[in-house]
Amino acid sequence: MLRLLLPVAGLATLLRAANVSQRTFGIDYGCNCFVKDGHPFRYISGSIHYSRIPRYYWKDRLLKMKMAGLDAIQTYVPWNYHESQMGVYDFSGDRDLEYFLQLADETGLLVILRAGPYICAEWDMGGLPAWLLEKESIVLRSSDTDYLAAVEKWMSVLLPKMKPHLYQNGGPIIMVQVENEYGSYFACDYDYLRFLQKLFRQHLGDEVVLFTTDGASQLYLRCGALQGFYATVDFAPGGNVTAAFLAQRSSEPTGPLVNSEFYTGWLDHWGHRHSVVPAQTIAKTLNEILACGANVNLYMFIGGTNFAYWNGANMPYMPQPTSYDYDAPLSEAGDLTEKYFALREVIGMYNQLPEGIIPPTTSKFAYGKIHLQKVGTVVEFLDRLSPAGPVKSTYPLTFVQIKQYFGFVLYRTKLPKNCTEPTQLSSPLNGVHDRAYVSVDGVLQGILERDKSLMINITGKAGANMDILVENMGRVNYGRYNNDFKGLVSNLTLDQDILVEWEIYPLDIDGAVNHSIHGYPDQPERYVGANLDQWL
C-alpha cells in the first residue's frame with residue numbers, strides 16, 4: 001500500500017507545482033491593462049487594515065468585502081506595529097500578517113500589499129518606528145545612511161515573509177506598493193527610491209509588479225514616480241475623472257489606468273465633526289471610473305479603530321481620534337451601511353456578484369453601566385507606574401531620549417522661588433508635545449497644549465514640587481514633519497527664567513492596565529484606574 005501511495009503523493013506535488021508555474025500577473029502595455037494568467041484583468045479592490053481590526057473579526061470583514069463584488073483587498077504594513085522596539089519583531093496575534101493573507105486567499109480575494117517603509121495611513125509617524133528619532137538629525141524617507149540601514153534591516157525581515165504569498169508563488173499578492181505618496185514629501189530623493197527598488201527586487205524577484213501611488217497631479221508625480229515602478233494616482237469622488245487619469249498618463253503613457261485610493265469618506269480630527277461623504281457622490285464617480293475601464297481601490301472599504309496609541313496627526317497639529325470609521329461602506333464595527341449596498345450595486349454592473357448570503361451586521365450587547373473605582377492618583381502610584389525611578393537631567397529630555405515612545409511621561413522640578421502671586425509658566429518655543437497637565441504640590445494649575453496654550457499662571461512656594469504630566473497624542477503622519485519628537489522638546493520658563501534640574505518619570509500605563517495598579521491581574525468584572533484629569 002505504501003508503495004502505491006508514494007507515487008500518488010508525488011503526483012499531487014507535481015500538479016500543485018505545475019499550477020503555481022502557470023500563475024502569472026503583469027502589465028500589458030499594448031492593451032493598457034493588467035494580465036492575469038494570460039488574460040486581460042481589471043481589479044476592483046477595497047482597503048482594509050489588519051492593524052485596525054481584531055484578528056477575531058478578520059474573516060467576517062473579508063467575507064463582507066467579497067460579497068460586495070470586490071476582486072481584491074489592499075492593506076498597509078505598519079513597520080512600527082511589528083518593530084516597536086528596535087530589533088524586536090512581532091508577527092503574532094493581531095499582528096499575524098501571514099494569517100491575514102491566508103484568510104484573504106481562502107476568501108477568494110487577491111491582495112495589493114502596501115509594504116512601506118512609510119505608509120501615512122493616519123497612523124503614528126506614518127508607520128515609521130519612533131526609535132529612528134534616537135538619531136536627532138536623521139532625515140527620514142531619504143538617503144540618510146542610518147535611515148537606509150534601518151530600512152534594509154526591516155525589509156530583510158518583512159519581504160522574505162511576503163515572497164511565498166506572491167501570486168506567482170501560489171499566494172494572493174498580485175502587486176506591491178513601494179513607499180507612499182512620495183511626491184508629496186519635500187526630499188524628492190531619487191537615490192532613495194532607487195535603493196528601495198533594488199531592495200524590493202532583491203527580496204521579491206523580478207516578476208512581481210512594483211508600483212507607486214501619488215496625487216493626481218504632475219506636481220506630485222514628478223518626485224513620486226520612478227522608472228521600474230508602475231505609477232498610479234489617487235483622487236476623491238466628485239472631480240473630473242478624465243483629468244485625473246490624464247495626470248497618470250503623464251508618467252505612464254500606456255498601461256492600465258489605476259486609482260489606488262478612491263476615497264469613500266475622509267479622516268477625522270479630535271474636536272472636529274465626523275467627516276461624511278454622501279453615498280450617491282461616491283457611487284456616481286465610481287461608475288465613471290469603471291466605465292472607462294480603469295482599476296480602482298476604494299479607500300477605505302472598512303476603516304476600523306486606532307487601538308492603543310496608534311493614531312497619527314496632521315499639521316498644523318491636529319491628532320486623529322481613536323475611531324477610524326472613515327464613513328466607509330462597512331462601519332468601524334463592520335456593520336453593513338447604505339453606502340455598502342449603493343457601491344455594491346455599481347460594482348454589480350461590472351463584476352458578477354457572488355451568490356450567497358451577505359454576513360449580517362453583528363449583534364450588539366447592552367453592557368449597562370460600568371462602575372469605575374478610583375484607586376489613587378498618578379503621583380500616589382508613581383513607584384508602580386515608574387518602577388525604575390526617574391531619569392535626572394538639567395534640562396528636559398524627550399520621550400525618545402528616555403526610550404519611552406508612547407503614552408505619558410511625568411516631568412518634575414522644584415519651584416525656584418515663591419510664587420505667591422500668579423506667575424507665568426511658559427513654553428516660549430511651543431515645546432509641549434502634545435498636552436501637559438501642570439500641578440504644584442498636588443494642586444492643578446492648568447493645561448499647556450501644543451499650538452493652543454503656551455502659557456498659564458501658577459502659584460506655589462519655593463521648593464514645592466511642580467509636576468507636568470505630558471501626553472503624546474500621536475505623531476504626525478503626513479508631510480515633512482514626521483520627525484515629531486514628544487514630551488518637553490524645549491525649555492519651560494518661569495517669569496523668563498529657564499527651569500532646570502528635572503526628574504523625568506517614564507510611566508508604564510500599559511503595565512498598570514494589564515496587571516492592575518495594585519500589582520495583580522484584574523478580574524474581568526473589576527474596573528480600576530488612576531484618574532488622569534484629576535490626577536493630583
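The legends below describe close-up views of a predicted model.

**View 1. A salt bridge joins Glu261 and Arg114.** The closest N and O atoms of Glu261 and Arg114 are 2.8 Å apart. Glu261 belongs to strand β10 (residues 258–263) and Arg114 to strand β6 (residues 110–114), so the contact ties together parts that are 147 residues apart in sequence. Glu261 is buried, its relative accessible area being 4%. Arg114 is likewise buried, at 1% relative accessibility. Side chains of opposite charge can pair when their charged atoms come close. In the model as a whole, 22 salt bridges are counted.

**View 2. A salt bridge links Lys339 to Asp327.** The N-to-O distance in this pair is 2.8 Å. Lys339 is part of helix α10 (residues 338–347), while Asp327 is in the loop between β13 (318–319) and α10, so the pair ties together parts that are 12 residues apart in sequence. Lys339 counts as buried, with a relative accessibility of 6%. For Asp327 the value is 15%, and this residue also counts as buried.

**View 3. Asp467 and Arg412 form a salt bridge between two strands.** Here the closest N and O atoms are 2.6 Å apart. Asp467 lies in strand β22 (residues 465–471) and Arg412 in strand β16 (residues 408–414), so this bridge ties together parts that are 55 residues apart in sequence. Asp467 is buried at 4% relative accessibility. Arg412 is buried as well, with a relative accessible area of 13%.

**View 4. Four charged side chains make up a network of salt bridges.** The linked residues are Asp434, Arg450, Asp484 and Lys486.

**View 5. Strands β1, β2 and β3 form an open sheet.** The three strands follow the order β1-β2-β3, and their pairing is antiparallel. At the edges are β1 (25–28) and β3 (39–41), each of which pairs on one side only. From one strand to the next, the twist averages 45 degrees. Strand β2 (residues 33–36) is joined to β3 by 3 bridges, and these two strands run antiparallel. Phe34 stands opposite Phe41 of β3. Strands of a sheet pair through backbone hydrogen bonds, either parallel or antiparallel.

**View 6. Strand β4 pairs with β11 and with β5.** Strand β4 (residues 44–47) is covered on both faces. Ile44 and Gly46 are buried on one side, and Ser45 and Ser47 are buried on the other. In a regular strand the side chains alternate between the two faces of the sheet. Strand β11 (residues 295–299) runs parallel to β4 and is joined to it by 3 bridges. Strand β5 (residues 72–76) also pairs with β4 in the parallel sense, over 3 bridges. Ser45 has a bridge partner in each of these strands: Asn297 in β11 and Ala72 in β5.

**View 7. Asp234 is a buried residue of strand β9.** The strand that holds Asp234 spans residues 230–235. Asp234 counts as buried, with a relative accessibility of 6%. Apart from its neighbours within four places in sequence, Asp234 is in contact with Glu181, Thr213, Asp214, Gly215, Ala216, Asn259, Glu261 and Tyr263. Among them is Glu261, the residue that forms a salt bridge with Arg114 in View 1. Asp234 and Pro354 are 120 residues apart in sequence, and their C-alpha atoms are 27 Å apart in space.

**View 8. Helix α6 packs through its buried residues against helices and strands.** The helix comprises 15 residues (residues 190–204); at 1.5 Å a residue they should span 21 Å, and the end C-alpha atoms are 21 Å apart, so the two values agree. The buried residues of α6 are Tyr192, Leu193, Leu196, Gln197, Leu199, Phe200, His203 and Leu204. These buried residues pack against α5 (145–162), β7 (173–177), β8 (209–215) and α7 (218–224). The N-terminal end of α6 is capped by Asp189, which has a side-chain oxygen 3.1 Å from the backbone nitrogen of Asp191. Gly205 follows the helix, and its phi is positive, near 95 degrees.

Notes:
Residues numbered from 1 in each chain as written. Predicted model: local features only at pLDDT ≥ 70, side-chain atom pairs only at ≥ 80, totals over all residues. Heavy atoms only, no water. Helix = DSSP H or I, 4+ residues; strand = E, 2+ residues; numbered from the N terminus. Buried < 20%, exposed > 50% of the residue type's maximum accessible area, 1.4 Å probe, protein only. Pairing = 2+ DSSP bridges. Axes fitted to C-alpha atoms, helices over the stretch in contact; angles between N-to-C directions. Contact = heavy atoms within 4.5 Å. Expected span 1.5 Å × (residues − 1). Polar contact = N/O pair within 3.5 Å; in protein donor to acceptor, adjacent residues only side chain to side chain.
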